[in-house]
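Thanks for coming. I have one structure to show today, and I will go through one part of it and then stop.

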Amino acid sequence: MEKVQGEMEIERWERSEELSDAERKVIQETWSRVYTNCEDVGVSILIRFFVKFPSAKQYFSQFKHMEDPLEMERTPQLRKHARRVMGAVNTVVENINDSEKVSSVLALVGKAHALKHKVEPVYFKFFTGVMLEVIAEEYANDFTPEVQRAWTKMKSLIYTHVTAAYKEVGWVQYPNSTMCCHGQHRRCQKKVGCSDKRVRKKASTSFIKKAWDK
């Protein structure tokens with residue numbers, strides 16, 4: 001069942017802990033095995049993500065009205081997106097020893113989802129959680145407590161960098177989103193869509209302060 005609380009506000013995760021050299025190596029070793037089957041694993045992750053968080057489908061016109069996971073699984077668009085997602089994660093893992101490269105890659109991902117796709121950043125928290133869940137199940141023999149701890153840090157790192165990009169572009173949620181932008185649902189739609197720049201600026205500043213500067 002979808003978690004309502006997560007949809008009602010933008011939650012801030014704990015600051016990501018720095019990965020040790022040993023943890024980076026563990027992540028690359030386990031990911032190398034996962035990535036040999038990247039498309040199928042990616043599809044499994046996306047299907048579970050949409051089942052647990054069905055509101056995420058709103059961003060995908062090709063299958064946002066599909067209820068049957070098997071029907072979604074057969075769509076070429078979902079498999080294509082699975083490859084794209086896994087490719088992005090692979091780029092991060094491959095460059096895990098280069099913090100600037102990792103930051104750059106995830107900044108591009110964050111900005112694209114904020115400015116082009118208008119995706120609420122909390123979905124990255126949901127998605128990375130599901131990703132880790134699926135990988136841990138499908139590669140249970142590889143997921144020792146040590147590996148689990150390393151990947152938990154990794155998912156936090158991804159979310160932290162992506163949300164930093166949202167903050168950088170001055171993320172403001174939109175009227176058709178599933179989450180209210182200012183915690184005042186009736187008024188937020190008017191403010192964000194208002195033609196008065198002063199009103200929009202005031203609403204945006206208020207939202208950003210509440211969401212990011214807690």
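A helix here is a DSSP run of H or I with at least four residues, and helices are numbered from the N terminus. This is a predicted model, where local features need pLDDT of at least 70, side-chain atom pairs count only at pLDDT 80 or more, and totals for chains, interfaces and linings use all residues. Residues are numbered from 1 along each chain as its sequence is written, and side-chain values use heavy atoms, with hydrogens and water left out.

Start with helix α5, residues 76-94. α5 has 19 residues and spans 27 Å from first C-alpha to last, close to the 27 Å expected at 1.5 Å a residue; that expectation is 1.5 Å times one less than the number of residues.

Which residues of α5 are buried? Among them are Leu78, His81, Val85 and Val89. Buried means under 20% relative accessible area, with a 1.4 Å probe and protein chains only. The buried residues of α5 pack against α2, α3, α4, α6, α7 and α8.

Now Val89, which sits in α5. Its relative accessible area is 9%, so Val89 counts as buried. Leaving aside neighbours within four places in sequence, Val89 is in contact with Trp31 and Met131, contact being heavy atoms within 4.5 Å. The C-alpha atoms of Val89 and Val105 are 9.5 Å apart.

Last, Thr75, in the loop between α4 and α5. Thr75 is buried because its relative accessible area is 8%. A polar atom of the Thr75 side chain lies 2.7 Å from the backbone oxygen of Met72. Not counting residues up to four places away in sequence, Thr75 touches Phe63 and Met66.

How values were computed
Helix = DSSP H or I, 4+ residues; strand = E, 2+ residues; numbered from the N terminus. Buried < 20%, exposed > 50% of the residue type's maximum accessible area, 1.4 Å probe, protein only. Polar contact = N/O pair within 3.5 Å; in protein donor to acceptor, adjacent residues only side chain to side chain.
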